Amino acid sequence: MDIHAHPDTSSLDIRRARLSDLPGIRTFDERSNKDDNPHYWQEMFERYGDDLEKQLFLVCEQGSEIVGFIIGEIRDWEFGSPPCGWIFALGVRPDMRLAGVATRLYAAMCEFFLKAGVGKLRTMLARGDIDSHSFFRSQGMMAGPYIQLEKDL
Amino acid sequence: MKLQQSTLLGLYAVLELAGSGGEQRSAAEIAEKYSVSINHLSKVLRILVRAGLLQAVRGAGGGYRFSGNAKRATLMDVVELFEPVAIEGFEDRATPHPTDVENGLAVALVEISEMMRATLRSITIATMLKLMERERR
């Protein structure tokens, strides 16, 4: 990617996702290419796409094209923690990166959490996902008090 | 893990110059501000120039200015110029017949090294400048 290129950032709109947005998201979301679950986005939309109190699925649209998405939800007392907002999916079309798309989606998600009375935001990332890791840190997020552990069974 | 003095000087210089709003600073100014040896700092500055993170400005009133991409360059880009980012002596250790103790320790220490690397790779110079601004308030 040419980091000096400046994508057109005019007329970016943030709104709730619609079923008709899913094909556009699939064109650039890496999960879609792994094809572990062809119904992944359909299921995500069914779980988070409605006008729900604790879940939010937003897209960023430019003209008629989807250039980014974010999904989050409020989780109550998970790990004994007071309610907090979780962002668990964020994607931006590669040619629109470094144009403020993720920042606007992130800001809209934070506003949703704040309006719901939640004052803490969390996410979890693959260690090798440097772009996402850098993005969340650029927004002021830092390592929290929990450490994720796992084991093959 | 203790950062080497050269690494610290490199981080001081890069962050000082990246946060100067494009203004140049002389090696003497930076050395005085951070109370470090100007000779040592000058060697570090040359390495940073070769890496493309700084630009040397010649002539009267010359000095150095940040020339990297603050949104792309990370702490790792600076640190690894001066030292390996690993628990020293283990990741590169290749003994012909490692013991159970060595194998067990290697697993734990590699995990620590990977966490260090992931953290250093994810913090850009721009993020550091924001963090510094936040601490200033």
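Two residues are taken to be in contact if their C-beta atoms, placed from the backbone, lie within 7 Å. The structure described here is a predicted model, in which local features need pLDDT of at least 70 and side-chain atom pairs count only at pLDDT 80 or more, while totals for chains, interfaces and linings use all residues. Residues are numbered from 1 along each chain as its sequence is written, and chains are lettered from A and ligands numbered from 1 in the order in which they are written. The model scores ipTM 0.82 and pTM 0.86.

In chain A, residues 24 or more positions apart account for 60% of the contacts with a separation of 6 or more. Chain A has five helices and five strands, where helices (H or I, at least four residues) and strands (E, at least two) are DSSP runs, numbered from the N terminus. Along the sequence, these elements of chain A follow the pattern β-α-α-α-β-β-β-α-β-α. Of the 153 residues in chain A, 28% are buried, a residue being called buried if 20 or more other C-beta atoms lie within 10 Å of its own, exposed if 12 or fewer, and partly exposed in between, with C-beta atoms placed from the backbone.

The largest nonpolar core has 32 residues, and those with the most contacts inside it are A:Leu58, A:Phe69, A:Ile70, A:Val101, A:Leu105 and A:Met109; such a core is a set of buried Ala, Val, Leu, Ile, Met, Phe, Trp, Tyr and Cys residues joined through C-beta atoms within 7 Å. Among the elements of chain A that each supply at least two residues of this core are strand E2 (55-62), strand E3 (65-75) and helix H4 (101-115), and H4(A) gives the most, with six residues. When residues up to four places away in sequence are not counted, A:Leu58 touches A:Ile14, A:Arg15, A:Arg16, A:Ala17, A:Phe69, A:Ile70, A:Leu105, A:Ala108 and A:Met109. A second, separate core of 23 residues includes B:Ala31, B:Leu48, B:Leu53 and B:Val85.

A:Leu98 is placed in the loop between E4 and H4 of chain A, and A:Leu98 counts as buried because it has 20 C-beta neighbours inside 10 Å. Although A:Leu98 and A:Phe135 are 37 residues apart in sequence, their C-alpha atoms are 9.6 Å apart in space.

Chain B contains six helices and two strands, which run α-α-α-β-β-α-α-α from the N terminus on. Its average pLDDT, the predictor's confidence in each residue from 0 to 100, is 92, and 95% of the residues score at least 70. The C-alpha atoms of chain B fill a box of roughly 60 × 35 × 25 Å, taken along the principal axes. Of the 137 residues of chain B, 23% count as buried, and residues 24 or more positions apart account for 64% of the contacts in chain B with a separation of 6 or more.

The contact between the chains takes nine residues from chain A and 12 residues from chain B. Within it, helix H5 (residues 130-138) of chain A and helix H5 (residues 100-122) of chain B pack at an angle of about 60 degrees, with their axes 8 Å apart; axes are lines fitted to C-alpha atoms, for helices over the stretch in contact, and angles run from 0 to 180 degrees between N-to-C directions. This packing involves A:Ile130, A:His133, A:Ser134 and A:Arg137 of H5(A), together with B:Ala118, B:Arg121 and B:Ser122 of H5(B).
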